[in-house]
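Colleague: I am new to this one. Please take me through it, one point at a time.

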Amino acid sequence: MTLAMLDKIKQLQEQVPTPTPISSGKLVRGVGLTLEAVGCQVPVGGRCLVQTSAGEIEAEVVGFSGDITYLMPSESVKGIVPGSRVKPLSKDSGLPVGDSLLGRVIDANGEPLDGKGPLGCDASASLTPPPINPLVRKPVKEPLDVGVRAINTVLTVGKGQRMGLFAGSGVGKSVLMGMMTRGTSADVVVVGLIGERGREVKEFIQDILSEEDREKAVVIAAPADTSPLMRLKGCEAAVTVAEYFRDQGKNVLLLIDSLTRYAMAQREIALAVGEPPATKGYPPSVFAKLPALVERAGNGTELQGSITAFYTVLTEGDDLQDPIADSARAILDGHVVLSRKLAESGHYPAIDIEASISRVMPQVVDEEHVLQARNIKQVYSTYQQNKDLISIGAYARGSDNRIDLSIAAEPAINAFLQQSMGQVIPFQDCIESMATLSQGLNAASAHGQQAQQNQR
């Protein structure tokens, strides 16, 4: 062998990267939700297998302090003793994605929950992809039909818009999500049921969604009895699945129930590893993760589709100034508020159009549509502001033409805003009924003004 050949071999050997040995560690402490290990060289976000008396369980690295690595197990901790072996996993396989996900129910790890066998997905995707350059995204210019008249008309949603669904418990969030799933014109619906009761997961799939609806839907479930890590990953998995179908050029409707449970899961993890609480017990990392999650939805490039997202936000005690609700309003493109008073009076869907807004509505509909919606909203708001005076008889008819009009129009507007759970109203039908109602309001207003002038 010549000297030149030896030099060439040496150069090639230097170019080959030396593999880093994967060293196992051991547990030294287990308190609350977290496990502490030493001897592991694993980055934050990496995964490990922890040996227990019942086998191995998976855990994720959520932080470190000196030589101690903090682990968050993905399932309940049983059979762990001091010195249990911790084996790092070399690579994250990602979430399985593919068209075979349609009609399936999976957990946060991509494992099927519906008993229909393996998913059969050939590709995988990362739960935390790099952010999209905002300058390559398509603008929001087209309306999306969700089959709900109150939203299609007064709170029109655009393809690629991110909306919040603000409500307390028991006012019809899940039912409204089911109505949108059935009535939407989107190609694919991705539903993330995060932190909900296990009973509600089954009811949503079997009772609210029909067999036909399930064929174009993917459901990701991480119920309340799963670990906070799984609830966190479940929300991210739902967005990852939606991103896959968007990249295939499809228009996706993403429904996350709920964003509050996602924030609570992050709060549990952050507090467990020692992050100091800030606003009402929520550590700063919560408010950093929310926009990172929300910004993943929206329009793609000119060659891609769109993700129109609805994130439910649980307002504890119907308080819209809750830290999560306040933060969500600031980063979303609008909000739909569900009113407990309307729900208690039998008004469904219980959408309070006075407190709700769609920020991109003027960009996706024509000016006539905006004026008609504003007209209905103004008459509705006038009645709500004077409702107490009217109900106790303190208002004398004829004193104010606007209030007289609101009293006369209140039954028609309420009927317009209400819709049964199984009813799907196409977008064009919604527009026509809104135009008819607006024309009637204009005619009644003109007649009232003429009558007042005649009396003078």
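Colleague: Where in the chain is the place of Ser-258?
Modeller: Helices (H or I, at least four residues) and strands (E, at least two) are DSSP runs, numbered from the N terminus. By that numbering, Ser-258 is in the loop between strand 13 (251-257) and helix 7 (259-272).

Colleague: What should I know about the model before going further?
Modeller: This is a predicted model, in which local features need pLDDT of at least 70, side-chain atom pairs count only at pLDDT 80 or more, and totals for chains, interfaces and linings use all residues. Residues are numbered from 1 along each chain as its sequence is written, and side-chain values use heavy atoms, with hydrogens and water left out.

Colleague: Which residue does a cis peptide bond join to Asp-257?
Modeller: Most peptide bonds are trans. Here the bond is cis, with omega about 10°, and the partner of Asp-257 is Ser-258.

Colleague: What is omega for the peptide bond from Tyr-348 to Pro-349?
Modeller: Pro-349 sits in the loop between helix 10 (340-344) and strand 17 (357-358). The bond that reaches Pro-349 from Tyr-348 is cis, and its omega is near -10°.

Colleague: What percentage of the 456 residues of the chain count as buried?
Modeller: Buried means under 20% relative accessible area, exposed means over 50%, and partly exposed is in between (1.4 Å probe, protein chains only). By that rule, the buried share of the 456 residues is 50%.

Colleague: Which residues touch the most other members of the largest nonpolar core?
Modeller: A nonpolar core is a set of buried Ala, Val, Leu, Ile, Met, Phe, Trp, Tyr and Cys residues joined through side-chain atoms within 4.5 Å. The largest such core has 59 residues, and those touching the most other members are Met-180 and Ile-351. Apart from it lies another core, of 51 residues, among them Val-188, Val-252, Ala-263 and Ala-328. To return to the largest core, the two residues asked for are Met-180 and Ile-351.

Colleague: Why is helix 6 largely enclosed by the rest of the structure?
Modeller: Helix 6 (residues 228-247) has 20 residues and reaches 29 Å from its first C-alpha to its last. It is largely enclosed because, of its 20 residues, the number buried is 19.

Colleague: Which residue with a positive phi follows helix 6?
Modeller: Most residues other than glycine have a negative phi. After helix 6 the phi is positive, near 90°, and the residue is Gly-249.

Colleague: Is Ser-327 buried or exposed?
Modeller: Ser-327 lies in helix 9 (residues 323-331). Contact means heavy atoms within 4.5 Å, and beyond its neighbours within four places in sequence, Ser-327 is in contact with Phe-287 and Leu-290. Its relative accessible area is 17%, so Ser-327 is buried.

Colleague: What is the relative accessible area of Pro-291?
Modeller: Pro-291 has its place in helix 8 (residues 284-294). Pro-291 is partly exposed because its relative accessible area is 25%.

Colleague: What relative accessibility does Val-77 have?
Modeller: Val-77 is found in the loop between strand 5 (68-73) and strand 6 (85-88). Val-77 counts as partly exposed, its relative accessibility being 39%.

Terms used: The expected span of a helix is 1.5 Å times one less than its number of residues.
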